[in-house]
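Subject: Structure handover

Hello,

I am passing a structure on to you. Please open it first, then read the notes below alongside it.

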Amino acid sequence: MSKASMSMLVAFLALAGSGFGTLPATAADAPAKAVPITSFFQNDTFSDAALSPNGRNLAIRVATRESRAQLAVLALDTMALTQVGATATGDVGSFAWVNNDRLVYRITDLRHDKFEYVAGRGLFAINRDGRAERELKTGGTLMGATMTSDRDDVFVWAAESNEGNDLGHFRIERLNTKTGNKTVIDTPWDAVEYAFDRKNELRVVLARDKNQYALRYRDQANGPWRTLASFEANSTASIHPLLFGPDGVLYVSARNGRDKSAVYRYDLAANKLDGEPLVASEQFDVAGHFITDAAKVLGFRYQIDAEVTTWFDPAMKAFQLAVDAQLGATTNRLSRGERSETPFVLVEAFSDVQPSKYYLFNSDTGKLTKLGEANADIDPARMSLKDLVRYKARDGLEIPAYLTLPKDGSGKNLPLVVLVHGGPFMRGGYWSFDEEAQFLASRGYAVLQPEFRGSAGFGARHFRAGWKQWGLAMQDDLADGAKWAIAQGYADPKRICIAGASYGGYATLMGLIKDPELFKCGINWIGVTDIEMMYSVRGSDFGGNWKTYGMPLLVGDRVKDAAQLKATSPLQNAARLRQPLLMAYGRDDRRVPLVHGTRFRDAVKAGNPDVEWVVYDEEGHGWGNLKTRLDFWNRVEKFLERHIGKP
């Protein structure tokens, strides 16, 4: 990229707001020698990019620190930049190329995180030169869009409410992005996952009826559906469609008798999985997606401890090796146009110490050109390494965890924050930049992030070991992690705090209640405070299907397990919590409504004078506003300094 073109890109950023750079430091910021808090939690400036199908143009999403995210197109032959999507009241969210000349994008609000599903709004299409913009009304909630080949159409998944707040059943609409005309695709009413062939014909669905799933296939468009496999939700016999490839092969995710899920070819003629997996790992479930072009399957991208890509295409494999040799110890995510006519390959590079940076790789010359980065204020040399460790829980189960130790110092006898992920039946993270852990490490704290039992991604045994274990073995895993850190010499046993959001907030409260000698303080934001309230409280977006089938199996039956749910309720045990506690909630939270926080606050304050409480009026289930993030993490910094910051 020429200096003039780079200046154009910076100029575009300047047009989007009041200036390109960091926010001014506030009185609450850390001392000058520390990385400012704003550097960790400010908005990204360069947050996504995608090559056009022919590889001749690059769509990018950019912003200044304070402006809304906007969409621009960079013509790679002239390096001319065109602003194509912008609004003063919203942000460009997800976007994709419809064809070589047209894009579709969603207008969302990245400053709010309220789990709000707004029907019929937010999807727009525009030409790459900024002309012919049109709002596309879907008549339902946009869940995603799959592009057709070289036409002006997109497929839109529109959620249809079922059983209360469930959004588990969908219809598919084919939208013409120029006329706005739409056609509803004939699909089984209970389909929740889909796979199209290269002619854009629906060939495979995963259907759900209450707690039962069925994988269905038809040999040709508009042919009869036949069932390939049936299974219950959360069964080890589950099979999920991943891709109906351009080679006519159905690729699926399954366990096939293994503890860890893997990727298989499905033999449609014999109606069975291939005997050996195509992609597998001994230590991790293989979860990810295929990368294809118009003619073939190129590779499969997935997460183990870090993100990796298995390339089947020799050219892409060679490009990966060339890029890795230049960029070094980063995860380097390669992509190119599905009908590329150019040597250009887009590269997104990131690591545990580096937020995403974007490059353009010329496969003819081997040259890498930097396009932009998500957060230029982060200096990787000042960040702390994040390592995957494993420790044994008291019952012998091995618990994976990520450990981040402050960059400077001995790494011994440190104040420790046990940072608990939400969900909880999901994976907490992987080897990538984590602003929360990096911020805490920059302030001198060791950070342990356990993938406690029940966390997804580590095999069926690990996942199922967490069923009905809220406040029990799941909780013990966290305490055992802290004890492991003490035994290894990393943690000072007198300076350990537990913290987390959502389920992590629940685990924080239960950790303080159950292990008061171990955890000296706690930070709970947007956390569940009573399991029974998850069933009963109004205003929550928990759906009927989840309450009827998911929660009784994974969390606990409100009738059969009533005694257990009461014993593991932070609200019912609030009088036992005497340690310092910071609590923060969003007033508009629909996942964990504010009443969870207010009831627990009132109950715990009766016997605990050291409770700090804050409600953020414009927030939901997470902190979307920059102002909120800075206020909250400033509070966290002061809270930790008071209670575990000094020996």
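This is a predicted model. It holds 1 cavity of 30 Å³ or more. The volume of the largest cavity is about 40 Å³.

**The cavity**

Which residues line the largest cavity? They are V417, L419, L440, A499, I523, W525, W633, V636 and L640. The largest share comes from α12, with 3 residues. The lining divides into 9 nonpolar residues, no polar ones and no charged ones.

Look next at the loop between β30 and α4 (435-442), where P424 lies. A cis peptide bond joins G423 and P424. Its omega is about -5°.

**Two crossing helices**

Now turn to α6 and α7. Helix α6 covers residues 473-487, and helix α7 covers residues 503-514. Their axes come within 10 Å. They cross at roughly 75°. Angles of 65 to 115 degrees count as roughly perpendicular, so α6 and α7 are roughly perpendicular to each other.

Which residues make the contact? From α6 come M474, Q475, D476 and L478. From α7 come Y503, Y506, A507, M510, G511 and K514. The residues of this contact divide into 6 nonpolar, 2 polar and 2 charged.

**The sheet β13 to β16**

There is an open sheet of 4 strands here, in the order β13-β14-β15-β16. The pairing is antiparallel. Which strands stand at the edges? They are β13 (191-196) and β16 (226-232). Each has a single partner strand, so one side of each is left without a neighbour in the sheet. From one strand to the next, the twist averages 15°.

Take β13 with its partner β14 (residues 202-209). The two pair in the antiparallel sense over 5 bridges. One point to find on screen is A191, whose bridge partner in β14 is A207.

**The sheet β17 to β20**

Another open sheet has 4 strands, ordered β17-β18-β19-β20. Its pairing is antiparallel too. The edge strands are β17 (239-244) and β20 (272-273). Each of these has a single partner strand, so one side of each lacks a neighbour in the sheet.

How many bridges join β17 to β18? There are 5, and the strands run antiparallel. Strand β18 covers residues 250-254. I239 stands opposite A254 in β18. H240 stands opposite S253 in β18.

β17 and β18 also form a hairpin, with 5 residues between the strands. In this hairpin, G248 takes a positive phi near 80°.

**A positive phi at M79**

One more residue deserves a look. M79 is not a glycine, yet it has a positive phi of about 60°. Where does M79 sit? It is found in the loop between β3 (70-75) and β4 (80-85).

**Where to start**

I would begin with the cavity and its share from α12. Go on to the crossing of α6 and α7. Finish with the G423 and P424 bond and with M79.

Best wishes

Methods
Residues numbered from 1 in each chain as written. Predicted model: local features only at pLDDT ≥ 70, side-chain atom pairs only at ≥ 80, totals over all residues. Heavy atoms only, no water. 1 Å grid on protein atoms, 1.4 Å probe; cavity = no way out; pocket = protein on both sides within 12 Å on 5 of 7 lines; lining within 4 Å. Points joined across faces, edges and corners; volume = space filled by probe spheres on them. Nonpolar A, V, L, I, M, F, W, Y, C, P; charged D, E, K, R; others polar. Axes fitted to C-alpha atoms, helices over the stretch in contact; angles between N-to-C directions. Parallel < 35°, antiparallel > 145°, perpendicular 65-115°, else oblique. Contact = heavy atoms within 4.5 Å. Pairing = 2+ DSSP bridges.
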